[in-house]
Amino acid sequence: MALVSLIGAELAFGLHPLLDRADLTVQDGERIGLIGRNGTGKSSLLQAIAGNLALDEGDLKRRDGLRVALVEQEPVLPPASSLRESLALRGGFDRLRDERERWRAEVRLLEMLHRFGLDEGADPGSASGGERKRAALALAFATEPDLVLLDEPTNHLDIDGITRVEDLLLKGPSAIVITHDRAFLDRVATRIVELDRGLLRSFPGNFAAYETRKASELAAETVANRKFDQFWAQEEAWIRKGVEARRTRDMGRVRRLEALRTERAARRARIGQVKLALDAGERSGKLVAELEDVAFAYGDRTIVRDLSLVVMRGDRIGLIGPNGAGKSTLLKLILGTLAPDAGKTRLGTRLEIAYFDQLREQLDPERTLADTVAPGSDWVETGQGRRHVLTWLGDFLFPPERASAPVKTLSGGERNRLLLARLFALPANLLVMDEPTNDLDIESLRLLEATLQSYAGTLVVVSHDRTFLDNGVTQVLVAQGDGRWREYAGGYADWLAQRRVEAEGAGRERPAAVPSPEPSRPARVRVAKPGLSFKERHELDGLPARIERLEAEQHDLTARVCAPGYHRHGADVVRSDRARAAEIEHELAAAFERWSELEAKAGGGAAPAR
């Protein structure tokens, strides 16, 4: 059953329409992932469906009594004495006529606040961006809508928060979600809808299915446009022939050429693609940074406890942890811009550092775009040579007329691109990035990943984008709680696999049974039966050598993955090595478990601890 239908929708701000006779029908039970370039009008579309923005033309039909909840990209919380009261005002609980209904709504709100780890008594005026987003999400799900509209719900959320939203959507209402989180879309979406040049195109299935079909469509569109342009060029050449040809020209052919010109002028070209190139400059020393027994705390809150870490040239390290774990603080400790409370930190030699900060504090909101990337000059000196500032900004999708605009006029995604334009202008052999994926559209994300994969320097990155971590890093440093951090080989998926193996191993450990005291009487002599068959004895004898071979292979694989320049082997090699690393972990766990079983059955010693 249709919840919402858009028919011939038109909406425009500026020169190009955001919606150009667009159609969309949302069925009950659907979870739609709405994707598209930054600035194409996705947020405006959600506002229109929510009833907060009128269409210029077209119809919006909603099922009678449809309950819709909208969570904006940057939610605003009404002033109140507590977070709970603020959300009650935002949700209109005071307009609920029935006392029992209002009580039930407040109970559901308290439950959702607890799920999202929020204090109901907190001051909404001092809430961070992440807390405001979690609070708005808690309210949206507490109201039990028929259709929930989520605009970038994963921004400001840690991975636990993101998976919590995924779980609620999988069990809950129909949804339209704007997000650039590909793992989120793969898990949640039943359909992908792309807003492209004013039109809405629908692709059944999740994001992986969309990628396959979209590639075929773009290839077909390119071929069709090329054929059209060739025919159009032929007709233009014909009309421009000499006087004799014009005397005999076919007026029907002339009218057809006029129609071709109109059709070509009406074609909306695809938006350009960001052009990224990163120069690693001079090679740094082999040692990039070293932390030895480092500790750091804010008051009673421990951020880092007894951490020893060595960052070598060519390492690609991802930091994973919940909000508040201290990932940004750890970056500053690694960079030496923050002194530890205890322990030692050391930076290597010949370092050229580029730092991408989470809050974009390096950008002066009053400066122009041109002055931000080329202060006091019309030229940008890059690792690839001298470039005019307008050309360089154009590589990052900023048209010439915006070069003189102040930074404060930019959206979040545009600020990200501008900071990338500034950072990538200069050589850097150590790139430190704190949440670089926030607000970037999917095409820009893919290009950033490809750029980082070919980068020859050292990378340390904080991100909650699971796909980005899997595609960009070769080891992760994970917050374990209470200031403890632990390093794992591979990306996010590899860490999950290793964590599952560890959990399974811990679950198999059993405390030894304490024998009950025997009464003091003469022991009865019992003849022991042989515990192992010949086949089992042979298997037990061969297990130490098998485990030794697996551990040697694991050691060699880890050394290869951690070696400088490993990422240059290509995506296929990286995927193959990750898969083999996971297989080795499973085979080792199974071998140790089998050894324990056979030793116990034989009545002998225990298998060695891993």
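Student: Which hand does the crossing of H2 and H3 have?

Tutor: H2 and H3 cross in a right-handed way (near helix turned clockwise from the far one by less than a right angle; anticlockwise is left-handed). Helices are DSSP runs of H or I with at least four residues, strands are E runs of at least two, and both are numbered from the N terminus. Keep in mind that this is a predicted model: local features need pLDDT of at least 70, side-chain atom pairs count only at pLDDT 80 or more, and totals for chains, interfaces and linings use all residues. Residues are numbered from 1 along each chain as its sequence is written, and side-chain values use heavy atoms, leaving out hydrogens and water.

Student: Okay, and at what angle do H2 and H3 cross?

Tutor: Roughly 125 degrees, with the axes of H2 (residues 83-90) and H3 (residues 99-115) coming within 11 Å. Axes are lines fitted to C-alpha atoms, for helices over the stretch in contact, and angles run from 0 to 180 degrees between N-to-C directions. H2 and H3 are therefore oblique to each other (under 35 degrees is roughly parallel, over 145 roughly antiparallel, 65 to 115 roughly perpendicular, the rest oblique).

Student: Which residues of H2 and H3 meet?

Tutor: Leu83, Arg84, Leu87 and Ala88 from H2 touch Glu106, Leu109, Leu110 and Leu113 from H3 (contact is heavy atoms within 4.5 Å).

Student: Switching to the sheet: in what order do the strands come?

Tutor: E2-E1-E4, three strands in an open sheet with antiparallel pairing (strands pair if DSSP finds at least two bridges between them). E2 (17-27) and E4 (57-62) are the edge strands with a single partner each, so one side of each has no neighbour in the sheet.

Student: How many bridges join E1 to E4?

Tutor: Five. In one of them, Ser5 has Lys61 in E4 as its bridge partner.

Student: What about Leu6, buried or exposed?

Tutor: Leu6 counts as buried because its relative accessibility is 3% (buried is under 20%, exposed over 50%, partly exposed in between, with a 1.4 Å probe and protein chains only). Leu6 lies in E1 (residues 2-12). Beyond neighbours within four places in sequence, its contacts include Leu24, Leu45, Ile49 and Leu60.
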